[in-house]
Amino acid sequence: MMITRKCLAAALVATTVLGAQAVEAGASAFYGWQVANVPWGDTLNVRKYPASHSQKQAAYPNGAPLQMTGRCTKGLALDDVAGLPAWQQAQAVRYRWCEVWHDPRRTGDWTTGWVYGRYISPI
């Protein structure tokens with residue numbers, strides 16, 4: 001289990017450092033997006049489920065890199081929009097929740113959470 005987490009963490013770092021659109025990690029692909037358009041002094045909340053009333057797992061400021069799983073609500077997969085210009089990708093997720101892979105406590109316990117698309121943009 002610990003080796004799997006370390007491999008996934010390495011894949012996530014590669015996505016962030018290399019600015020790659022997707023990095024294969026086993027059966028999953030991670031997409032490099034970032035927090036954007038959050039009002040000054042505020043943060044983007046990562047929620048346990050795709051709803052604004054769901055439990056808050058973490059919060060990230062503008063510019064923070066996000067590792068997306070590729071799954072969004074209303075049936076959208078980031079694979080479907082990956083070849084589009086960045087502004088069209090951002091528009092496609094604007095009114096959807098998208099799933100992220102993150103380490104909210106920075107302890108190596110990676111988990112999934114959800115962010116609202118209005119506040120993310122592709123790197």
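Guide: Helices and strands are DSSP runs, numbered from the N terminus; a helix here has at least four residues and a strand at least two. Keep in mind that this is a predicted model.

Visitor: How many helices and strands does the protein have?

Guide: The protein has three helices and eight strands. Their order along the sequence is α-β-β-β-β-β-α-α-β-β-β.

Visitor: Where is Lys74 in that scheme?

Guide: Lys74 sits in the loop between strand 5 and helix 2, the latter covering residues 78–81. Its backbone angle phi is near 60°, which is positive although the residue is not a glycine. Lys74 is also exposed, its relative accessible area being 66%.

Visitor: What is the phi of Asn37?

Guide: Asn37, which is not a glycine either, has a positive phi of about 65°. Asn37 belongs to the loop between strand 2 and strand 3. With 58% relative accessibility, Asn37 is exposed.

Visitor: Is Gly41 buried or exposed?

Guide: The cut-off for exposed is over 50% relative accessible area. Gly41 has 72%, so it counts as exposed. Gly41 is in the loop that runs between strand 2 (28–35) and strand 3 (44–47). The C-alpha atoms of Gly41 and Pro61 are 8.2 Å apart, while 20 residues separate the two in sequence.

Visitor: What is the relative accessibility of Trp114?

Guide: Buried means under 20% relative accessible area. Trp114 is at 8%, so it counts as buried. Trp114 lies in strand 7, residues 111–116.

Visitor: What share of the protein is buried, and how many residues does the protein have?

Guide: Of the 123 residues, 39% are buried. As for surface, the protein exposes about 7,000 Å², and 55% of that comes from carbon and sulfur atoms.

Visitor: What share of the contacts joins residues 24 or more positions apart?

Guide: Among contacts with a separation of 6 or more, 59% are between residues 24 or more positions apart.

Visitor: How do I read a salt bridge?

Guide: Side chains of opposite charge can pair when their charged atoms come close. The cut-off used is 4 Å between a side-chain nitrogen of Lys or Arg and a carboxyl oxygen of Asp or Glu. By that rule there is one salt bridge in this model. Arg71 and Glu99 form it through their side chains, at 3.2 Å from N to O. Arg71 is in strand 5 (residues 65–72) and Glu99 in strand 6 (residues 97–102), so the pair ties together parts 28 residues apart in sequence.

Visitor: Which accessible areas do Arg71 and Glu99 have?

Guide: Arg71 is partly exposed, at 48% relative accessible area. Glu99 is buried, at 10%.

Visitor: How do I read a pocket?

Guide: Rolling a probe the size of a water molecule over the atoms shows where empty space is left. In this structure the second largest pocket has a volume of about 170 Å³. Its lining includes Val38, Asp42, Leu44, Arg47, Ser52, Trp97 and Tyr119.

Visitor: Which element gives the largest share of that lining?

Guide: Strand 3 does, with three residues of the lining of the second largest pocket.

Visitor: How many nonpolar, polar and charged residues line the second largest pocket?

Guide: The lining of the second largest pocket has six nonpolar residues, three polar and two charged.

Methods: Residues are numbered from 1 along each chain as its sequence is written. This is a predicted model: local features need pLDDT of at least 70, side-chain atom pairs count only at pLDDT 80 or more; totals for chains, interfaces and linings use all residues. Side-chain values use heavy atoms; hydrogens and water are left out. Buried means under 20% relative accessible area, exposed over 50%, partly exposed in between (1.4 Å probe, protein chains only). Contact means heavy atoms within 4.5 Å. Accessible areas come from the Shrake-Rupley method with a 1.4 Å probe; for residues, only the protein chains shown count as cover. On a 1 Å grid over the protein atoms alone, a cavity is a set of points where a 1.4 Å probe fits but cannot get out, and a pocket is an open set with protein on both sides within 12 Å along at least five of seven lines; lining residues have an atom within 4 Å of a point. Grid points are joined across faces, edges and corners, and a volume is the space filled by probe spheres set on the points. Ala, Val, Leu, Ile, Met, Phe, Trp, Tyr, Cys and Pro count as nonpolar, Asp, Glu, Lys and Arg as charged, and the others, Gly among them, as polar.
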